[in-house]
Amino acid sequence: MELFWNQVLAGISTGAIYAGMALAVVMIFTAIDNFNFAQGEMAMFSTFIAWQLIQWGMPFWWAFVLTVALSFVAGIAIERALFKPLAKAPILTNVAGFIALFAIINSVAGLIWDFTVKPFPTPFGTAPFLGSELVSTHQAGMIGVTFAMLAFLYVFFRYTRIGLAMRAAASLPESARLVGINTSWMIALGWGMATAIGAIAGMLIAPVVFLEPNMMGGVLLYGFAAAVLGGLTSPLGAVVGGLLVGVFENMVGTYIPGAGNELKLPIALALIVVVLVFKPTGLFGRTVVQRV
Amino acid sequence: MTGTSASRSRLTFSTVSSAVTLAALIAIPLFAKNFFVFQLTMVLIYGLAVLALNILTGASGQFSLGHSAFYAVGAYTSGILIEFAGMNYLLTLPVAGLVCFVFGFLFGFPALRLSGIYLALATFALAVAMPQLLKVGAFEHWTGGVQGLVITKPDAPFGLPLSQDVWLYYVTLAIAIVIYIAAVNLLNSRSGRAMMAIRDNQIAASAMGIDVAFYKTMAFGISAGITGIAGGLGAIVVQFVAPDGYTFQLAIALFLGMVVGGVGWLPGSLAGAAFIVFVPNLAEGVSKGLSGAVFGVFLFIIIFLVPHGARQIAILLQNLFVKFRTTQGGHHA
């Protein structure tokens with residue numbers, strides 16, 4: 001039984017990585033009703049910017065805040081320049097655009113910072129957390145920051161005018177426009193916020209997975225899975241989904257003989273698909289009633 | 001412009017352009033180098049896979065990022081039958097198609113419960129899982145594990161004076177034409193219209209008495225079957241199957257091919273396949289270090305200029321053609 005609880009704990013600390021990314025996924029989904037396949041690469045690029053600032057001698061927290069601010073602006077700029085013109089194009093064309101953005105960012109990051117693995121500093125230290133070998137203070141700090149982001153998003157969407165406007169623009173764009181909400185800018189704002197959240201997630205993940213242009217490939221996949229499991233529209237669902245995916249992954253690795261590292265991902269994904277088959281809108285998603 | 005003249009012109013335009021394309025496809029290998037013929041063969045093969053995706057996404061409205069998995073199953077089916085059962089390579093293709101049809105049809109059942117983004121994730125999971133499953137030790141005797149299988153390239157039969165590459169090209173072309181015509185007929189049939197009705201409005205379609213579950217799983221099966229045939233052909237032409245040849249990157253490439261060709265427009269599959277075969281090479285040629293970025297920029301330029309893909313260009317050309325004909329007709333009259 002001790003093995004079981006240890007695995008749950010280890011799973012939660014990996015899950016915190018996925019939860020952060022899943023929050024960014026939920027954020028962009030709320031704004032554009034779609035996945036942004038370049039989300040992970042954008043987070044990776046932000047993390048590289050933070051790394052560069054720290055290399056130039058900036059203290060960690062200054063670099064952190066500046067990177068988040070820069071990412072927010074960059075997210076809005078990308079939306080205005082590349083995806084606003086595609087607003088009337090078919091949805092699948094937009095997805096192709098995300099894939100193009102993915103290729104560009106990955107390639108440019110590789111050119112600027114090359115593909116060697118770089119260590120990234122952590123502000124929380126790496127000592128065992130509360131005497132447990134399985135969770136380090138960094139991972140505990142990561143969970144803490146993730147929950148802080150969650151609280152921020154909850155308050156933002158629930159109690160601010162602009163949060164309400166964003167939700168309105170996402171769920172009923174036509175009606176939102178009629179009551180005077182600038183839906184086009186709401187989308188841009190969503191991009192900015194998602195990019196900023198992605199940057200935070202990236203900077204928290206980098207000390208664990210190490211910094212390099214392909215670091216986000218696997219993480220984003222788990223982030224998508226976590227967001228879908230949580231129901232895509234709920235920030236709380238994303239965090240719970242992320243932690244669950246981490247625990248799933250660890251359990252599969254421990255208890256299914258022969259699963260090993262290679263089959264961990266497929267089995268975890270298969271489990272998620274099974275959950276979705278029984279609960280198609282995810283654990284915390286709201287059921288959308290369709291009309292003819 | 002009256003309705004009849006427009007429809008007659010459209011008929012002429014599509015016949016003329018199909019005839020020109022077909023003539024070019026038949027004639028090119030007579031002049032081109034072997035490597036270019038090989039690339040063209042790959043265009044036809046990916047064209048089939050994109051066509052299959054078009055039937056699924058374009059006609060029945062189900063999204064898939066997992067077609068690399070069906071492609072892989074087709075490739076391995078052909079490869080294993082050729083190498084272990086000594087079967088004729090042409091006979092392995094229907095088997096590959098059938099195996100993938102069953103696989104796709106069965107996958108279609110859980111897919112019924114999912115739509116849009118959720119289905120994308122489920123199919124994506126399949127694409128991610130497939131290379132790992134092919135590496136599993138238990139099947140290693142048949143699949144060759146990580147190393148994969150080497151397949152012997154067939155010679156042209158009856159002592160025809162054709163190189164192996166050219167022969168395989170014509171075989172692929174013949175199969176592609178047959179499947180293309182079948183697919184066009186499928187979409188113009190009652191079943192095709194049922195699928196499109198489901199795509200446009202599932203609830204309305206079921207209210208009209210269309211068996212939604214049947215047509216959706218059927219679309220999945222047919223699409224997977226065609227992809228499997230493409231996979232089998234791909235294995236024979238490349239002479240090699242290995243798990244890392246069928247990662248989710250292939251699924252994404254097929255998806256891009258569909259978008260560039262025009263979603264739901266079958267002739268566009270060929271243009272989309274040409275894009276995914278030639279543009280990465282072109283990007284590599286422009287800049288080795290930044291090939292990914294160059295590819296991305298190309299892709300952006302295309303979707304900015306023609307968000308509906310090659311279909312948009314075809315409509316444009318057709319309008320020009322009609323205009324040209326009417327002015328010509330005016331002179332004669």
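Tutor: Two residues are in contact if their C-beta atoms, placed from the backbone, lie within 7 Å. This is a predicted model, in which local features need pLDDT of at least 70 and side-chain atom pairs pLDDT 80 or more, while totals for chains, interfaces and linings use all residues. Residues are numbered from 1 along each chain as its sequence is written, and chains are lettered from A and ligands numbered from 1 in the order in which they are written.

Student: What share of the contacts in chain A with a separation of 6 or more comes from residues 24 or more positions apart?

Tutor: Such residues account for 74% of those contacts.

Student: Why does the radius of gyration of chain A agree with a compact globule?

Tutor: The radius is taken over C-alpha atoms, and the globule rule is 2.2 Å times the number of residues to the power 0.38. For 292 residues a compact globule would be near 19 Å, and chain A has 19 Å, so the two agree.

Student: What makes a residue buried, and how many are buried in chain A?

Tutor: A buried residue has 20 or more other C-beta atoms within 10 Å of its own, with C-beta atoms placed from the backbone. In chain A, 47% of the 292 residues count as buried.

Student: Why is helix 3 of chain B called oblique to helix 4 of chain B?

Tutor: Helix 3 (residues 67–84) and helix 4 (residues 89–112) of chain B pack at about 140 degrees, with axes 8 Å apart. Axes are lines fitted to C-alpha atoms over the stretch in contact, and angles run from 0 to 180 degrees between N-to-C directions. Under 35 degrees is roughly parallel, over 145 roughly antiparallel, 65 to 115 roughly perpendicular and the rest oblique. Therefore helix 3 of chain B is oblique to helix 4 of chain B.

Notes
A residue is buried if 20 or more other C-beta atoms lie within 10 Å of its own, exposed if 12 or fewer, and partly exposed in between; C-beta atoms are placed from the backbone. Helices (H or I, at least four residues) and strands (E, at least two) are DSSP runs, numbered from the N terminus.
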